[in-house]
Amino acid sequence: MVPNQDGGLFTLGRDPDTGRPLVTAKRLAASWLRSEEYGVSAEEVDPSWAGPAPTDSLFFECGQAVLTALRSTLADEPVSLMLTDADGLLLQRLSGSSTLLRALDRVHLAPGFTYSERDAGTNGMGLALADRSPVLVRAEEHYSASLRTYTCAAAPVFDPASGNLEGCVNITTWSDASPGLLLALAQSAAGNATALMLARAHGHRQKQGPRGGVFRMRRDGLEPAVGTMRALSSSWTDALDQATKALAAGRVVAAVGEHGAGRATLLAQAFRCSRPGARILSAAAPAPDDVDAWLSVWTPELAKPDTAVIVENIDLLPAWAAQELKAYAVRALRALPPSDTGTTPALAWAVTATALDAIPRPLAAAVDTVVAVPPLRDRGDDVLQLARFAARQTRLREIDFTPAAERALLEHEWPDNVDELFTVVHDAAVRAERIDVRHLPAYILGRPGPHLSRIEALERDEIVRSLTQPGVTVTAAAAELGISRATIYRRIARLGIARPR
């Protein structure tokens, strides 16, 4: 198991009988290298014991229901159905084969043990969690020899409300059994678990983030100018100054914080201040199946002169892709010509992530400076200024807001941050010359609280629609809706509706 001379990927070894490579897939190759770096034994697996597995989450409840139903259809098959959390802790294990269960006990593949890559090397569960995508690991592809008796298929499960990785579904069978539809079965079970979580969460769906495609150029006219951003709150400008100084010094900066808070915008503004005239490109992490093409197309831009690259949502990259990106950056840095001033040349790139510890391990060490980008709810002074900018960009002229609309925007907590604000204002600005509360979505007038059911959300929206009509009082709204004045007041309180003043 030897890396290539240029730091790229490698072959894990060859079958002593046939001479054929045992593993050539990049994901598996990268996983083997990480397993070696973690110090995992190549002979006997020795996973960590984490104690009794927690069983009080919605993920566990739904995952167990799916696996229990699946076991009934596979009662006579030599397979084990497993559920892990996002750290690889085995939460549940079901099988109708006592022989298989006894064998799994011998390698500690049982609830309470952790089967992440760091603990057990390359295996189905660990690799599915590391790369955030489904995987089939056949017998000889396991890092530890003690696991080569088995073939495993695993698929990650994501929370449908937050999009967070919750864990994975794993199906294990004997190595001499045909894998056949094993991976498809694991993916189906993971999809069913997500669907059940969505149903039991009253249909509240996650906000779909933008897909990165390949890359895009950030243009001055399409986002707030440096002057506009420097007029925002001190928490924003302090972060901008910190990023600007670090990029000017040739450091790799990670802008961390919540999705939609403006992390990539902050880095773009910092590049404009530190490298005037440079091309600024954004490459957002794509779906797992698109990573290969994504890397091959945009990475050559990293070494071009007068070009700066922002890698968005780098914490969503599979571990193997992060490892390959780091290797490319090392090669690109070596290829840079010496600086005229005698200083060490540096690549102009930065990344965004939710937190430093969420960045894949191969890239986390490359980060020199971490800049925290505050969420919009902590920057109340910025809301109206950003809203006016969004309206102006929509209509290419100034758009007014009524005092009631301004109050509604200021009182909302903006869980999806600046992205949500821009969407709300854009939708209102295309329909009105002066934005009022009746042009805003009904949920903007709702106070923070538990998620509403679909029926409750419809009821809330109808009450808000009536209340936000010009000149309509609470009494008039109750009459229009066919309910009493006392009833509408109770529902306003129960549904968390903030009445426009």
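What you see is a predicted model, in which local features need a pLDDT of at least 70 and side-chain atom pairs count only at pLDDT 80 or more, while totals for chains, interfaces and linings use all residues. Residues are numbered from 1 along each chain as its sequence is written, and side-chain values use heavy atoms, with hydrogens and water left out.

Let me start with the overall picture. The protein has 18 helices and 15 strands, where helices (H or I, at least four residues) and strands (E, at least two) are DSSP runs numbered from the N terminus. Of its 501 residues, 50% are buried; here buried means under 20% relative accessible area, exposed means over 50%, and partly exposed is in between, with a 1.4 Å probe and protein chains only. If we take the contacts in the protein with a separation of 6 or more, 69% of them come from residues 24 or more positions apart, and a contact means heavy atoms within 4.5 Å.

Now to helix 1, which covers residues 26-38. The expected span of a helix is 1.5 Å times one less than its number of residues, so the 13 residues of helix 1 should span 18 Å, and this agrees with its end C-alpha atoms, which are 18 Å apart. Among the buried residues of helix 1 are Arg27, Leu28, Trp32 and Leu33, and the elements that cover its buried residues include helix 4 (117-120), helix 5 (124-131), strand 5 and helix 11 (319-335). Just after helix 1 comes Gly39, with a positive phi of about 80 degrees.

Which elements do the buried residues of helix 11 pack against? They pack against helix 1, helix 5, helix 10, strand 12 (349-353) and helix 12 (361-364). The buried residues in helix 11 include Trp320, Leu325 and Tyr328.

Next, the aromatic rings. Rings of Phe, Tyr and Trp (its six-membered ring) pair if their centres lie within 6.5 Å, and planes under 30 degrees apart count as stacked, over 60 as edge-to-face and the rest as tilted. By this rule, the count is five aromatic pairs. In one of them, the ring centres of Trp32 and Tyr143 are 5.3 Å apart and the planes are at 75 degrees, so this pair is edge-to-face. The pair links distant parts of the chain, with Trp32 in helix 1 and Tyr143 in the loop between strand 5 (135-137) and strand 6 (150-158), 111 residues apart. Both Trp32 and Tyr143 are buried.

Let us turn to helices that pack together. Two packed helices are described by the angle between their axes and the distance between the axes. The axes are lines fitted to C-alpha atoms, for helices over the stretch in contact, and the angles run from 0 to 180 degrees between N-to-C directions. Helix 2 (residues 58-73) and helix 6 (residues 182-200) pack at about 130 degrees, with axes 9 Å apart. That makes helix 2 oblique to helix 6, given that angles under 35 degrees count as roughly parallel, over 145 as roughly antiparallel, 65 to 115 as roughly perpendicular and the rest as oblique. The residues making this contact include Phe59 and Leu70 of helix 2 and Leu185 and Met197 of helix 6.

Helix 17 (residues 474-481) and helix 18 (residues 485-494) pack at about 100 degrees, with their axes 9 Å apart, and they are therefore roughly perpendicular to each other. Here Val474, Thr475, Ala477, Ala478 and Leu481 in helix 17 meet Arg485, Ile488 and Tyr489 in helix 18.

Finally, some single residues. Pro305, in the loop between helix 10 (291-298) and strand 11 (307-312), counts as exposed at 67% relative accessibility.
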